[in-house]
Amino acid sequence: DFVHAELDGDICSLTDAAVLLAHYVINVNHPRMHAYANWAIDPADRSNRYLQKMSVVTTCYNHYGCTNFPQMASNMVHQGAGPAFEACLKESLRSGVPEHKQVLA
């Protein structure tokens, strides 16, 4: 059951809450998942050529997503979209990763 959602003390409609959740998933959680992927790769490991190649591809893809997407968003939408997205990425990275020491290899 949807009880209610608030933003800065104001009650949001279900539609507004859905938009805010979508924004969080797409612009905060999604980039974090790419950051997690960077922890799992080792481009210097030459024991498996395919995994090494995919490590390099992952590193490049994540770098371009973080550094180039804000400009692409400005070009696709309007000039203010890129800086807004970049600020969102920076906040996502600034807020860090919760402790996850229970994860075992």
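Mentor: Happy to! Let's begin with Ser55, which is in contact with Ile41, Asp42 and Pro43, leaving aside its neighbours within four places in sequence. Keep in mind that this is a predicted model.

Trainee: Which helix is Ser55 found in?

Mentor: Ser55 is found in helix H2.

Trainee: And is Ser55 buried or exposed?

Mentor: Buried: the relative accessible area of Ser55 is 7%, and it counts as buried because that value is under 20%.

Trainee: What lies 3.4 Å from a polar atom of the side chain of Ser55?

Mentor: That would be the backbone nitrogen of Asp42. Asp42 is also one of the residues in contact with Ser55.

Trainee: Okay, on to Gln52. Where is Gln52 found?

Mentor: Gln52 is in helix H2 too, and that helix covers residues 49-67. Gln52 is buried, with a relative accessible area of 17%.

Trainee: What does the side chain of Gln52 reach?

Mentor: It reaches the backbone oxygen of Pro43, at 3.0 Å. Not counting residues up to four places away in sequence, Gln52 touches Pro43, Asp45 and Arg46.

Trainee: New topic: how much space lies in the largest pocket?

Mentor: About 490 Å³. Of the 20 residues lining that pocket, Pro31, His34, Asn62, Gly65 and Cys66 are the closest to its centre.

Trainee: Which helices supply at least two residues of that lining?

Mentor: Helix H1 (14-39), H2, helix H3 (69-76) and helix H4 (81-94) each do.

Trainee: How many of the lining residues are nonpolar, polar or charged?

Mentor: The lining has 11 nonpolar residues, nine polar and no charged ones.

Trainee: I spotted some cysteines. How many disulfides does the structure hold?

Mentor: Zero disulfides. As for the cysteines, Cys12 counts as buried at 13% relative accessibility, while Cys60 is partly exposed, with a relative accessible area of 33%.

Trainee: Let's zoom out. How many helices and strands are in the chain?

Mentor: There are four helices and two strands. Along the sequence they follow the pattern β-β-α-α-α-α.

Trainee: And what share of the chain is buried?

Mentor: Buried residues make up 18% of the 105 residues. For contacts between residues at least 6 apart in sequence, 35% join residues at least 24 apart.

Notes
Residues are numbered from 1 along each chain as its sequence is written. This is a predicted model: local features need pLDDT of at least 70, side-chain atom pairs count only at pLDDT 80 or more; totals for chains, interfaces and linings use all residues. Side-chain values use heavy atoms; hydrogens and water are left out. Buried means under 20% relative accessible area, exposed over 50%, partly exposed in between (1.4 Å probe, protein chains only). A polar contact is a pair of N or O atoms within 3.5 Å; within protein, one must be able to donate a hydrogen and the other to accept it, and residues adjacent in sequence count only if both atoms are side-chain atoms. Contact means heavy atoms within 4.5 Å. On a 1 Å grid over the protein atoms alone, a cavity is a set of points where a 1.4 Å probe fits but cannot get out, and a pocket is an open set with protein on both sides within 12 Å along at least five of seven lines; lining residues have an atom within 4 Å of a point. Grid points are joined across faces, edges and corners, and a volume is the space filled by probe spheres set on the points. Ala, Val, Leu, Ile, Met, Phe, Trp, Tyr, Cys and Pro count as nonpolar, Asp, Glu, Lys and Arg as charged, and the others, Gly among them, as polar. A disulfide is a pair of cysteine sulfur atoms within 2.5 Å.
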